[in-house]
Amino acid sequence: MSDQWREEPVFDHLLKEKNASRVLIASMWPTQSKEVSTYTTMTSELDVAIKALLGAGKHVTLLGDVPQFDFDPQTCKFERPLRQSIRCEMPKYEFIKKSRRYQEALDEVQLRNPQINLISLADFVCDDKTCSMVERDALLYRDNNHLNIPGSRYVGLKLVEKMLVFINKEVDSE
């Protein structure tokens with residue numbers, strides 16, 4: 001992550017566009033957190049961008065990433081039916097450990113900007129103990145860290161449900 005976003009025509013257009021009232025910020029956060037020297041820098045850069053969006057009257061939602069698994073989903077799809085010992089999940093504590101660096105940055109940005117929403121996409125594929133590549137026998141991932149089409153639909157529907165809760169709260173408070 002760098003200050004390049006300030007020079008991006010799309011960001012400038014988004015700030016000026018009156019019909020774009022809601023902005024969702026998503027990234028492959030583990031990659032972004034490696035591109036800056038400390039999470040504080042990532043936090044500062046996100047904070048500046050979000051403050052600019054809020055200053056332009058945008059409703060901002062920050063999206064946490066889906067879990068990245070240490071195995072390929074094809075193992076689940078093709079080998080699991082033959083060998084019951086193959087699992088399509090990982091302990092949630094592994095995801096928490098892997099995401100700690102960027103999650104701290106996202107949490108800090110929300111603390112600095114309490115009017116934004118923070119949604120963890122992992123909440124849609126993890127329960128209290130495990131994160132799974134499978135929902136109702138449907139494989140959700142195309143590789144170890146990207147959702148496939150059914151996974152995108154599943155997570156997308158859950159995201160819409162969550163966004164509607166936030167929008168209803170905003171309408172009720174106006």
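Asp-137 is exposed, with a relative accessible area of 72%. That is over the 50% cut-off, which is why the word "exposed" applies. Before I go on: this is a predicted model.

Where is Asp-137 found? It sits in the loop between E6 and E7.

Arg-136 is not a glycine either, yet its phi is positive, at about 50°. Is Arg-136 buried or exposed? With a relative accessibility of 78%, Arg-136 counts as exposed.

Now to the aromatic rings. How many aromatic pairs does a search of the whole structure find? The search gives two. One of them joins Phe-69 and Tyr-141. A pair of aromatic rings is described by the distance of the centres and the angle of the planes. For Phe-69 and Tyr-141 the centres are 5.0 Å apart and the planes stand at 90°, an edge-to-face pair.

What does this pair tie together? Phe-69 lies in the loop between strand E2 (59-64) and helix H4 (73-79). Tyr-141 lies in the loop between E7 and helix H6 (149-173), so the pair ties together parts that are 72 residues apart in sequence.

Phe-69 and Tyr-141 are both buried, whereas Arg-136 and Asp-137 are exposed.

How values were computed
Residues numbered from 1 in each chain as written. Predicted model: local features only at pLDDT ≥ 70, side-chain atom pairs only at ≥ 80, totals over all residues. Heavy atoms only, no water. Buried < 20%, exposed > 50% of the residue type's maximum accessible area, 1.4 Å probe, protein only. Helix = DSSP H or I, 4+ residues; strand = E, 2+ residues; numbered from the N terminus. Phe/Tyr/Trp six-rings, centres within 6.5 Å; stacked < 30°, edge-to-face > 60°.
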